Amino acid sequence: MESKYYDGTKLLSMNDINGNKPEIYMCTTNRTGGKTTYFGRLCVNRFMNKGEKFALIYRYNYELDDCAEKFYKDIGKLFFPNTTMTSKRRASGIFHELFINDKSCGYAISLNSADQLKKYSHLFSDVMRMIFDEFQSETNHYCSDEIRKFLSIHTSVARGNGEQIRYVPVYMLSNPVSIINPYYTEMDISSRLDDKTKFLKGNGFVLEQGYVESASLAQKESGVNKAFSKNEYVAYSSESVYLNDNKAFIEKPENCASKYLATIRYKNSDYAIREYKELGILYCDDHADRTFPTRISVTTEDHNINYVMLKNNDFFISNLRFFFEHGAFRFKDLKSKEALLKCISY
């Protein structure tokens, strides 16, 4: 009989694409599927049975203040009765130390404190595994330079015990918010993932895209969700639909002449905008003409001598926005769509 809740046994047994033991385990399921409970219980069990400490990763420092309550409230009641978790601020609140029944079991740290945490890396040498819950932000609100901060955190934790770098697995958990989130984009997952993918192997990581039917049914039976059944958030919450990814207009015009309008640069990549006058649409893809004179930098990080800033192209961008708002844009893929959306949201 299939379990009502998530079980990570298969994911944890997998090797990466090179046949090696992965250090990043990524898991996305619909909400209330049980993934957070599963990996939280695993970490506490390893501490109870083997004394192995763990670390909880949050995005912002203010999230640390109630971390013990957030993490332990459910799993404590379900699996570890007669125990309590508390936390104590350390280093003026830069990180928290976690305790179960007054015995130190690990730490809670934030990505935004990555640079300050470097000097305390020796304290984390007994951390054996980490959990990063909600690595995809529902509001698309990430730290500046988040990937670098994530890597810095892992490096700080994985040093020590006489080794330059230790094996410290990270369990990255999330609801399926966007397939162009910073982690999927950086790890080249975005272009490989579709709604039929169950497991995906990469260099140093494995990913599970799960769906827990019992959780979906329970979500749909909620009176509030019934009342708002047409809202996209309900579909995301119950069905594992990517909240921020509208795949409408991902299609390529066929057998029509086009006129090249501009090159836009976003995240160090160039994208082309073409007009298909016969169809009455504009099209964006990554086959850019780098010799074309009209070049627009979407972000200041991408700005260089060959690209003019957005403010010098207000009229042109207003026209792009008009086409998009009237359903007259098509895109090669979601990356092209993201680049255009960033451009017209300026």
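**Contacts, cores and charges**

Visitor: Which residues does Phe 132 touch, not counting those up to four places away in sequence?
Guide: Residues are numbered from 1 along each chain as its sequence is written, and side-chain values use heavy atoms, with hydrogens and water left out. The model is predicted, so local features need pLDDT of at least 70 and side-chain atom pairs count only at pLDDT 80 or more, while totals for chains, interfaces and linings use all residues. A contact here means heavy atoms within 4.5 Å. On that basis Phe 132 touches Ile 57, Arg 59, Leu 111, Glu 146, Phe 150, Val 170, Tyr 171, Met 172, Leu 173 and Tyr 183.

Visitor: Which residues have the most contacts inside the largest nonpolar core?
Guide: A nonpolar core is a set of buried Ala, Val, Leu, Ile, Met, Phe, Trp, Tyr and Cys residues joined through side-chain atoms within 4.5 Å; buried means under 20% relative accessible area, exposed over 50%, and partly exposed in between (1.4 Å probe, protein chains only). In the largest core, of 36 residues, those with the most contacts are Met 26, Ile 57, Ile 109, Phe 132, Phe 150, Met 172 and Tyr 183.

Visitor: Which helix gives the largest share of this core?
Guide: Helices (H or I, at least four residues) and strands (E, at least two) are DSSP runs, numbered from the N terminus. Five residues of the core, its largest share, come from residues 146-158, which form helix α5.

Visitor: Are the residues of strand β9 buried or exposed?
Guide: Phe 205, Leu 207 and Gln 209 point one way from β9, and Val 206 and Glu 208 the other way. The strand, residues 205-209, is largely enclosed by the rest of the structure, because five of its five residues are buried.

Visitor: Which residue in β9 is the bridge partner of Tyr 25?
Guide: Two strands pair if DSSP finds at least two bridges between them. β1 and β9 run parallel and are joined by five bridges. In β9, Tyr 25 is partnered by Val 206.

Visitor: Which residue takes a positive phi in the hairpin of β8 and β9?
Guide: Strand β8 (residues 199-201) runs antiparallel to β9, with three bridges between them. Three residues lie between the two strands, and a positive phi near 90 degrees is taken by Gly 204.

Visitor: How far from Asp 16 is the nearest side chain of opposite charge?
Guide: Lys and Arg count as positive and Asp and Glu as negative, while His and the chain ends are not counted. A salt bridge is a side-chain nitrogen of Lys or Arg within 4 Å of a carboxyl oxygen of Asp or Glu. Asp 16 is placed in the loop between α1 (9-13) and β1 (24-28). Asp 16 is buried but has no salt bridge, and its nearest side chain of opposite charge, Lys 201, lies at 7.6 Å.

Visitor: Which residue meets Arg 90 in a salt bridge?
Guide: Arg 90 is in strand β3 (residues 85-90) and is partly exposed, with a relative accessible area of 30%. At 3.0 Å, N to O, the salt bridge partner of Arg 90 is Glu 97.

Visitor: How many residues apart in sequence are the parts that Asp 126 and Lys 53 tie together?
Guide: Asp 126 and Lys 53 form a salt bridge, their closest N and O atoms being 3.1 Å apart. Asp 126 lies in the loop between α4 (114-117) and β6 (127-133) and Lys 53 in strand β2 (residues 53-58), so the parts the pair ties together have a separation in residues of 73.
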